[in-house]
Amino acid sequence: MQDREKLDTPSRLHLISLNVGPSSNGTSTFVSGPNPDSDYSYKENHNNNKRSEALNKRTAVVLFRASLLPDLRRLLPLISLSTLTNPSPNSYKREEKEMEKKERRNLGSRMGLSAISPPAFSPEEIIQESSSLVANGSPSGTESGHGTENAQLETVGSSASTLSSSESLKAAYALLPITPIRSNDAHLVEFSEAMRTVAKALRRVAEGKAAAQMEAAEWKRKYELEKARNLKHKNEAEVEPEGCFCCMNGTMENTFDELTVHDASPDQNGCCGNHGICSHQILGDEASGPIANSAYKMVTRKASFRLSWGYNGEQSGRHKHDVVSFEQGDITTASRSNKQILLKWETQPQTVFIITKPNSNEVQLILPEIARWLKGHENINVLVEPRLRKELLAEDSYFDFVQTWQDDDDLKLLHTKVDLVVTLGGDGTVLWAASLFKGPVPPVVAFALGSLGFMTPFQCLDSEQYRESLGNILKGPFSITLRSRLQCQVIRDADKDELEREEPILVLNEVTIDRGISSYLTFLECYCDSSFVTCVQGDGLIISTTSGSTAYSLAAGGSMVHPQVPAILFTPICPHSLSFRPLILPEYVTLRVQVPFNSRGQAWASFDGKDRKQLAPGDALICSMAPWPVPTACLVDSTTDFLRSIHEGLHWNLRKTQAADGPPALV
Ligand SMILES: NC(=O)c1ccc[n+]([C@@H]2O[C@H](COP(=O)([O-])OP(=O)(O)OC[C@H]3O[C@@H](n4cnc5c(N)ncnc54)[C@H](O)[C@@H]3O)[C@@H](O)[C@H]2O)c1
Ligand SMILES: Nc1ncnc2c1ncn2[C@@H]1O[C@H](COP(=O)(O)OP(=O)(O)OP(=O)(O)O)[C@@H](O)[C@H]1O
């Protein structure tokens, strides 16, 4: 009787069928009860046979003493009966179909539909299934199951199949409130109790199925939306094959004349790639909108530049992909894309956006100097954050020329106006600068006014230093590092449609999913495209860009990766496992991190160490490489700057050198 609780577990009980057979000697191993002497019992089958397993997963069997059979026959219209000990070949086929269905559902789950509950059957299906089993049951047991030799096989009443399933269901439900019949009729008491169990299980199955169906439909919808969005991004990123605007117009001057915010047409944005990549392709400066009419004095055109790939300034048109040759069936990589990238201005930059670390005395001293020099010496428009403009004006009304933006609409189109971003602070200021651009980012020159400065190669110890550096950058050409960013989207289980979705967030370092204030292990299911990766059980997970590889990911045991390597890092935080090593995945994958429904607690996502968001069970985070990298100016070149940072910033592999003298080496 204690095993009855098993019937109440919806995930394990999907099909109820009454089995009629002898109560002793175990009927068969297939349906043997926990206690052969008990009046009725049920038990799940642990047979290794695949078919039996399929049947078992959705079968709970109620065994009756043979003496109960007459009563059972009397109450037959309530529910159909079958002998599952020896299903017919036809029923095997049905089981195989169910297995296939289940495998398809599992695949779906791995493709992002992971929260779908196990398959369930409606009471109608159950009754139908049972009826057909009754109809197909083989009394002779020709295709015997394992250990069914002693089974007394009996197919009961075809009347079950003549009764409509809804009537059977109704009858089964109607039985629920009925109290046991006369106490002297022990058989009927037992039988009514069994019927209650069956009816209760039927109801649970129906409830479970409805919930599972809703959930599956919701995940399918979300998956389709995600697919459509990715396709859209892909299409947008595709380059027009018909030659670029610059090629068609020939001269630099023409390009510039046409490149006003209002005049550019969408078909001018493609670039043939033969001469490097044009800035309009990267920065999408065709945008128009509220910023153009802003009350603030925003300029309407921005400088054009060209990117070229090559060593030490030597140009190469083959910049986009590795060039692979297939001559005579041999695959040879002729040229690689990861060459140093040079940025060359085609027109003079006009607007510089200065971003500063707040509350820094050092920065407060140097900012007015730089703003004055840019305006006076180079006749550059200076743009700052609204807070900073107020501070500058409070200091001196001379800074009235400094511009800012008014509202979020202006901010969204900042990239169409700004030629160059200058940051004064540490790595956090570079991250902040990147976060202000939700799309394309203009080139960033990062001056080190922080403590570590891994991504801030330019020194600013005196005014000579910044003038020289800025002068060189404004003149060009200069090396840049294209730092990739991750686009992260939180998908809430509760979101009913796409309109309710939160805005995607772009990160330059990483997105972290951790346990926040919870004291439980974080439990996260991770998928890469359509493949299941792993379950994280630990403090959390870091999904990092290569730029972020030297930040939190490094602290959690991840590798340091050169920022131009096209990769995404997958680094666990304190995993409670001896074998969970960090991974480096290719940049083109889409990662999905799901908080499963059976997670004990919530998880928290944070983006470049900010914007903490709570993830409830059922919520997911989807990450893929964003199409808009952050181009940061190099002091020397990507590799030299990276090695300098790991040596000077992180003191990488610092060790006293072994003395030359000592015992002779053994040969
Ligand atoms: N245990 C850790 O190491 C840990 C914990 C939390 C956050 N972080 C990092 O802090 C970053 C946020 O930086 P913040 O300045 O706003 O916060 P912060 O002021 O707390 O500074 C974090 C430190 O990380 C350094 N840093 C940031 N980005 C880096 C990079 N790409 N390479 C090398 N060092 C880098 C900064 O210079 C600073 O010293 C997060 O993106 C995360 O990577 C690290
Ligand atoms: N313009 C800004 N507005 C608001 N917050 C900012 C701004 N610039 C930087 N911050 C924040 O200020 C914090 C400190 O900045 P930053 O990291 O640049 O200085 P630091 O810690 O002294 O330098 P480092 O990162 O090199 O150690 C960071 O958390 C960053 O996000």
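Start between the domains. This is a predicted model. Domain 1, residues 341-476, and domain 2, residues 485-627, both give residues to the lining of the largest cavity, so that cavity lies between them. How much space lies in it? About 160 Å³.

The lining has 19 residues, and the closest to the centre are Phe454, Met455, Arg483, Asp641 and Phe642. Strand E13 (478-483), strand E25 (630-633) and helix H17 (638-649) each supply at least two lining residues. H17 gives the largest share, five residues. By class, that's eight nonpolar, eight polar and three charged.

Across the whole structure, the search finds eight cavities of 30 Å³ or more. Which residues line the second largest cavity? Glu226, Arg229, Asn230, His233, Gln487, Gln489, Pro504, Ile622 and Ser624. Helix H7 (186-237) provides the largest share, four residues. Strands E14 (486-491) and E24 (620-625) each supply at least two. This lining divides into two nonpolar, five polar and two charged residues.

Last, helix H15, residues 463-475. Its 13 residues reach 18 Å from first C-alpha to last, close to the 18 Å expected. At the start of H15, a side-chain oxygen of Asp462 comes within 3.0 Å of the backbone nitrogen of Glu464. Within H15, Tyr466, Ser469, Leu470, Gly471, Ile473 and Leu474 are buried. Just after H15, Gly476 takes a positive phi of about 70°.

Key. Residues are numbered from 1 along each chain as its sequence is written. Chains are lettered from A and ligands numbered from 1 in the order in which they are written. This is a predicted model: local features need pLDDT of at least 70, side-chain atom pairs count only at pLDDT 80 or more; totals for chains, interfaces and linings use all residues. Side-chain values use heavy atoms; hydrogens and water are left out. The expected span of a helix is 1.5 Å times one less than its number of residues. Buried means under 20% relative accessible area, exposed over 50%, partly exposed in between (1.4 Å probe, protein chains only). A polar contact is a pair of N or O atoms within 3.5 Å; within protein, one must be able to donate a hydrogen and the other to accept it, and residues adjacent in sequence count only if both atoms are side-chain atoms. On a 1 Å grid over the protein atoms alone, a cavity is a set of points where a 1.4 Å probe fits but cannot get out, and a pocket is an open set with protein on both sides within 12 Å along at least five of seven lines; lining residues have an atom within 4 Å of a point. Grid points are joined across faces, edges and corners, and a volume is the space filled by probe spheres set on the points. Ala, Val, Leu, Ile, Met, Phe, Trp, Tyr, Cys and Pro count as nonpolar, Asp, Glu, Lys and Arg as charged, and the others, Gly among them, as polar. Domain bounds come from an automatic or database domain assignment.
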